[in-house]
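I opened the structure to look up a few aromatic side chains and their surroundings. My entries are below.

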Amino acid sequence: MSSSKKTRTEENTIIENITTGQERAFYGSKNVVFKNITIKGIEQGESAFKECRNITIEDSIIYLNYCIWHCVNLNIYRTTIDESSRATLWYCDNVDIVDCKLNGVKECRNCTNLKIKDSIINSDEFGWQNEGVKLINCKLFGVYHFLSSSNITLDNVEVKAKYIFQYSNNVNLYNVTIDTKDCLWHAKNAYCKNCTFTGEYLAWYSENVVLENCHIDSIQPLCYCKKLRLINCTMKNSNLAFEYSDVEADIHSHVDSIRNVLSGKIIVDSLGEYVQDEHVYDCKGIVETRNKK
């Protein structure tokens, strides 16, 4: 380790100004505030903060792998996880992250009660198999996010990815923009308000999804859905929508085409085409234009 300063307050030990690459450098620490820590060195040591309790990490940077595992009651402020880091934060409980940059591969997996605010996340695989996640005022980039996670809330978040919320449960989205290929596939119990979805194949095979005041710009969206509901939504560049879906929808825009609605009722301002081609299910859904039935 480089030279450091270690002080104590009434409640916490303060450790600051350290650069270390040692294996398990701070293993099992309790009631410690770490300031200006750099996890880097020729030793390439892993698990620097493993099994810690009640710790805060401030103004630091992490380059090495598996750095924060099995920690409880963790605060991370103004800290960067470098893109060279892998699987930095796993199996943690009660985590508060503010004003950070999370750039490592496979970030934040198998965590509970994870809150991230005012941060930028650029990770190919982020947020898998978590229970209780909140993102507020964040930007999220990468490939595959929130696989098999539950109790997720995003508020004022910008997302650009390929896949997001697959097999997720209890998803709440407010003021979120999502540019993706597959979003909410096989998801259950999702409520989305004032959101924009751009991409392809939105929410196929989902169940109990509600979209309110949302804009959808998606190729072949919302097919094979159960208990789907759209309230005061708009659509653009969306074709062959709602195939084999059980849906109640109030759409205040033109829709290019709708195909073989399984059940329910869809009302649109105008419709390019209702495609009723070969189908294997008994499709009884009703499609109406607002001024012409």
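I am working from a predicted model, in which local features need pLDDT of at least 70 and side-chain atom pairs count only at pLDDT 80 or more, while totals for chains, interfaces and linings use all residues. Residues are numbered from 1 along each chain as its sequence is written, and side-chain values use heavy atoms, with hydrogens and water left out.

I looked up Phe165 and found it in the loop between β16 (163–164) and β17 (169–174); strands are DSSP runs of E, at least two residues, numbered from the N terminus. Phe165 has 0% relative accessibility and so counts as buried (under 20% relative accessible area; exposed is over 50%, partly exposed in between; 1.4 Å probe, protein chains only). Beyond its neighbours within four places in sequence, its contacts (heavy atoms within 4.5 Å) include Phe146, Leu173 and Trp185.

I then searched the whole structure for aromatic pairs and got 20. Rings of Phe, Tyr and Trp (its six-membered ring) pair if their centres lie within 6.5 Å; planes over 60 degrees apart count as edge-to-face. Tyr201 and Trp204 are edge-to-face, at 5.9 Å centre to centre and 80° between the planes. Tyr244 and Tyr281 are also edge-to-face, with centres 4.8 Å apart and planes at 85°. Tyr244 is buried at 8%, whereas Tyr281 is partly exposed at 45%.

Last, I checked Lys40: its charged end sits over the ring of Tyr63, 4.5 Å from the centre (the criterion is NZ of Lys or CZ of Arg within 6 Å of the ring centre and within 35 degrees of the ring normal).

Notes: Helix = DSSP H or I, 4+ residues; strand = E, 2+ residues; numbered from the N terminus. Phe/Tyr/Trp six-rings, centres within 6.5 Å; stacked < 30°, edge-to-face > 60°.
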